[in-house]
There are 2 protein chains.
Amino acid sequence: MNVASPFQQLHAVVSKMLPLTEKEWDSFTGIFTYRSVPKKFFLLQVGQVSREAYFINKGAARLLFVKDGEEISANFMFENGFIASLESFLLQAPSRQAIETIEDCDLLVLSKSKLDELTKSNPRFNSFSRAIAEMAFVMLQRRASSFILDSPEERYQNMLKEKPEILERVPQHMIASYLGITPVSLSRIRKRIS
Amino acid sequence: MNVASPFQQLHAVVSKMLPLTEKEWDSFTGIFTYRSVPKKFFLLQVGQVSREAYFINKGAARLLFVKDGEEISANFMFENGFIASLESFLLQAPSRQAIETIEDCDLLVLSKSKLDELTKSNPRFNSFSRAIAEMAFVMLQRRASSFILDSPEERYQNMLKEKPEILERVPQHMIASYLGITPVSLSRIRKRIS
DNA sequence: GGTATTAATTATCTTTTGTTAATGCGTAGC
DNA sequence: GCTACGCATTAACAAAAGATAATTAATACC
């Protein structure tokens with residue numbers, strides 16, 4: 001594989017999840033296309049059916065809800081991560097979440113229909129979807145549990161420790177909604193801590 | 001299949017997820033055993049590695065965290081539902097959650113090692129694990145999103161509408177921690193509403 | 001059935017968060 | 001460079017939730 005290939009990063013990530021033969025890898029990369037999008041670009045709007053998932057080669061993006069006209073961040077993703085409205089992508093139902101880039105992004109776009117075809121022709125790729133779903137579940141569970149276990153202040157402290165990258169690359173009003181609080185409240189917490 | 005079989009309910013649930021031939025069904029039921037346990041029985045303790053998942057033929061159970069000596073309910077399950085510390089079950093790592101019965105339970109116990117064997121001998125069962133993980137993710141996402149989108153009072157109202165069974169079968173102090181609040185606060189919300 | 005325990009409610013007070021508005025800061029665009 | 005806009009902070013007040021304790025209700029057990 002060419003070192004300059006846009007699939008280099010993807011290969012590093014996927015091969016940890018599911019070792020593929022060279023032939024399998026070729027058919028796997030075939031379900032992706034390349035796309036560059038600017039900052040503040042909406043890859044998916046609420047209500048649309050998600051037919052794509054994205055692997056981020058470069059940049060940052062977020063999942064967000066819209067409630068009463070307000071944007072509420074559900075998750076942030078950076079280089080070497082997948083981002084998708086997984087519920088909509090899996091069920092092919094209208095999405096409750098939107099996807100918006102936070103920085104200019106270089107993406108590998110995974111087509112749902114092509115993934116389905118590939119899985120049909122080679123059921124081994126069920127393991128890929130399975131691993132994705134399992135990983136997504138475990139990550140989400142850690143996040144969800146913090147809402148019943150921790151106070152907003154503790155959640156912020158944990159974020160500082162576990163995901164400092166978010167703090168560096170994401171504006172604070174987005175972080176506030178991600179933590180389930182208002183920007184004003186987050187500002188107070190930051191003051192209390194410092 | 002015998003109508004009185006303990007696998008009757010399981011069959012109804014699984015066949016919706018993954019249609020199986022009679023032969024496949026036989027090998028599938030082979031990975032389960034039957035177990036009856038009383039109320040307040042711990043099927044899994046925090047720190048243990050989960051080697052079992054449970055399908056509830058009868059009864060009710062909960063997943064719970066323990067923080068500072070206090071029990072905090074993460075989820076409730078009833079008849080025809082699966083319950084497991086999925087993170088521990090999947091990763092075979094020490095569980096952050098415990099599983100406790102809320103009522104006397106009749107269970108079908110799924111052995112992790114037998115499931116792995118089965119999946120190895122027939123990769124088609126990857127689809128089963130995949131469907132479970134995907135379902136678990138979608139359900140968890142709906143729950144998790146309510147923590148950033150809704151107030152405790154709205155969460156309680158949603159629960160009333162979407163899962164009234166919980167209110168009927170689960171003590172209120174468990175529901176309170178499930179909603180991320182104290183029993184005192186839940187009592188106040190109930191008063192406000194009525 | 002009566003007693004002991006546990007659970008739920010109510011009351012009081014403290015702490016935290018939400019709301020609204022004002023101020024200060026930085027950046028983008030002209 | 002200036003202006004305008006969005007973002008973060010601060011302030012003041014209202015609303016909600018936490019903590020503790022007392023009371024009432026429900027239940028579990030002998």
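How many residues of chain A are in contact with residues of chain B? In this predicted model, 29 residues of chain A are in contact with 28 residues of chain B. Two residues are in contact if their C-beta atoms, placed from the backbone, lie within 7 Å.

Local features need pLDDT of at least 70, side-chain atom pairs count only at pLDDT 80 or more, and totals for chains, interfaces and linings use all residues. Residues are numbered from 1 along each chain as its sequence is written, while chains are lettered from A and ligands numbered from 1 in the order in which they are written.

**Chain A**

Chain A has 9 helices and 8 strands. These are DSSP runs numbered from the N terminus: helices are H or I with at least four residues, strands are E with at least two. Buried residues make up 35% of the 194 residues in chain A. Buried means that 20 or more other C-beta atoms lie within 10 Å of the residue's own, with C-beta atoms placed from the backbone. The C-alpha atoms of chain A fill a box of roughly 55 × 35 × 35 Å along the principal axes.

One open sheet of chain A has 4 strands in the order 1-8-3-6, with antiparallel pairing. Strand 1 (32-37) and strand 6 (82-83) of chain A each have a single partner strand, so one side of each is left without a neighbour in the sheet. Two strands pair if DSSP finds at least two bridges between them. Strand 3 (residues 52-58) and strand 6 of chain A pair over 2 bridges. There, F55(A) stands opposite F82(A).

**Two surfaces**

Helix 5 of chain A (126-149) gives the most to the side that touches chain B, with 17 residues. On the DNA side, 18 residues surround DNA strand C, and P152(A), S185(A), Q172(B), H173(B) and S187(B) are the closest. A residue is near a strand if its C-beta atom, placed from the backbone, lies within 6 Å of it. Helix 9 of chain B gives the most to this surface, with 6 residues.

The table gives both surfaces by class.

**Symmetry**

Chain A can be laid on chain B with an RMSD of 0.0 Å by a turn of 180° and a shift of 0.0 Å along the axis. The two copies are thus related as by a two-fold rotation axis. Superposition is by least squares on the C-alpha atoms of residues with pLDDT of at least 70 in both.

Notes:
A residue is buried if 20 or more other C-beta atoms lie within 10 Å of its own, exposed if 12 or fewer, and partly exposed in between; C-beta atoms are placed from the backbone.
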